[in-house]
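Open the model in your viewer and keep the selection panel at hand.

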Amino acid sequence: MISHTSLQDSMDGDEKETDVEIEEQQQTDAFYSLYRRHRSLQLGDEGDRRNESSETCSKDTVSEEDFSLCLLASNLSVVAESELRAFIAKRLSKGALLSRMGTIATVDLSIAEQAVACYYCLVQPDQPPNPESNRPESKTVVTDYILCFLGSTEKSLELFRIELDKYAQGLQLYLDAEVGAVELHIQPYLSSWYDDAVLYIQRVLQLFQNRLAVLLRAALSHTPVEVKGTDNKIKQDVVRFLSAASLQGLIQENMLASLCKVMTEEPQKVIVIDCSEPTPVFQNAVSNKFCEDWIPSFLNSLESGNPFLIRQILENFKLKAIQDMNSLKRYIRQAETNNYALFKCFVFLKNCGNGDVLLQNVKVEHVEMPEAQNVVKVLEEFMYEEGVITPTN
């Protein structure tokens with residue numbers, strides 16, 4: 001028998017670990033604030049030497065020695081916003097903000113009895129800085145923006161860091177627009193951050209229920225999915241879910257690129273989902289036992305109405321898939337010189353419930369390793385004979 005972490009342990013263990021932090025976060029007040037920063041840089045100093053900003057922004061400006069910070073939009077109370085602005089100004093003075101990649105920290109604000117999580121990110125517009133004159137000694141005024149999303153706990157928001165980074169960068173479209181876009185576009189965009197970047201995972205699970213297993217396998221296998229018969233919101237929800245459920249960031253980038261290339265070159269049947277009916281209709285749907293075994297955990301989390309719990313289960317699902325892939329790769333290395341290890345590969349692939357996807361992944365990874373490729377070829381033939389995979393997989 002092959003000893004490996006049981007599926008139920010993987011499902012339950014991490015859930016228990018996160019219950020304390022997220023079980024009471026079912027209803028989250030979603031707050032936001034957007035600030036504009038002006039900095040004056042001396043030309044010829046390559047941006048290393050910064051001077052006092054020559055521009056202020058009335059009474060809503062917090063000034064440090066090298067920048068001014070202006071409030072553009074917020075749904076916080078006046079007191080809480082002032083506290084947040086002081087926190088951001090302190091971080092800016094220490095150079096603690098990165099462009100395109102946000103930071104999550106816990107802050108004490110006058111909006112709740114306990115501290116809340118704050119995601120903050122530096123957003124830089126595409127427009128280049130404009131010098132005040134053509135003289136070599138003149139200053140260049142640099143304008144950028146600091147975006148803040150607040151709610152829930154630090155650990156919960158960390159689960160959606162990638163979505164928040166993408167959502168923050170989506171703000172650039174409106175920042176580059178003409179004056180007056182704040183009320184027309186920016187505030188509606190900011191007020192939707194929690195609904196678009198977090199609650200999508202709950203909507204997808206609510207819509208597809210047991211058929212979520214098809215999307216889970218599609219994400220693991222890079223199978224294309226087309227959604228029709230519905231609005232763009234649902235389509236974007238599905239795109240976000242497929243990205244969140246994929247193993248991107250958890251496997252080597254070169255392997256991921258090779259896998260994506262192979263999947264685009266090989267003929268595949270696109271999974272088509274028609275959402276024009278109350279119950280979505282699938283075409284070319286493919287699932288497997290591994291993905292189906294996770295559905296009860298997802299459905300149980302749906303009853304809690306807690307998107308952070310759903311996301312934690314999704315992360316556990318991906319972790320288990322990675323663990324199984326690493327186990328298979330270890331058996332394959334052993335099987336190059338050991339027939340018993342080859343038998344262990346057979347048993348593992350047959351029992352893990354995800355043999356079709358795992359074999360597809362390791363086949364790409366070992367394409368330039370003749371000995372390992374021979375093992376993979378034998379395994380593939382065995383899987384066909386056992387009916388675990390078919391030529392259409």
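Two strands count as paired if DSSP finds at least two bridges between them. Keep that cut-off in mind for the first stop. Note too that this is a predicted model.

**Stop 1: a strand pair.** Select residues 271–274, strand β10. Now pick out I273 in the pair: F282 of β11 stands opposite.

**Stop 2: the whole sheet.** You now have an open sheet of 3 strands, in the order β9-β10-β11, with mixed pairing.

Stop 3: Select residues 212–221, helix α9. This helix lies across β9, β10 and β11. Against β10, helix α9 runs at about 145°.

Stop 4: Zoom in on L215, found in helix α9. Is L215 buried or exposed? L215 is buried, because its relative accessible area is 0%, and the cut-off for buried is under 20%.

Next, show what L215 touches. Leaving aside neighbours within four places in sequence, its contacts are V204, F208, V225, V238, F241, L242 and I273. I273 is the residue you picked opposite F282.

**Last stop: a distance.** Draw a line from the C-alpha of L215 to the C-alpha of L242. The two residues are 27 apart in sequence and 6.8 Å apart in space.

Key: Residues are numbered from 1 along each chain as its sequence is written. This is a predicted model: local features need pLDDT of at least 70, side-chain atom pairs count only at pLDDT 80 or more; totals for chains, interfaces and linings use all residues. Side-chain values use heavy atoms; hydrogens and water are left out. Helices (H or I, at least four residues) and strands (E, at least two) are DSSP runs, numbered from the N terminus. Contact means heavy atoms within 4.5 Å. Axes are lines fitted to C-alpha atoms, for helices over the stretch in contact, and angles run from 0 to 180 degrees between N-to-C directions. Buried means under 20% relative accessible area, exposed over 50%, partly exposed in between (1.4 Å probe, protein chains only).
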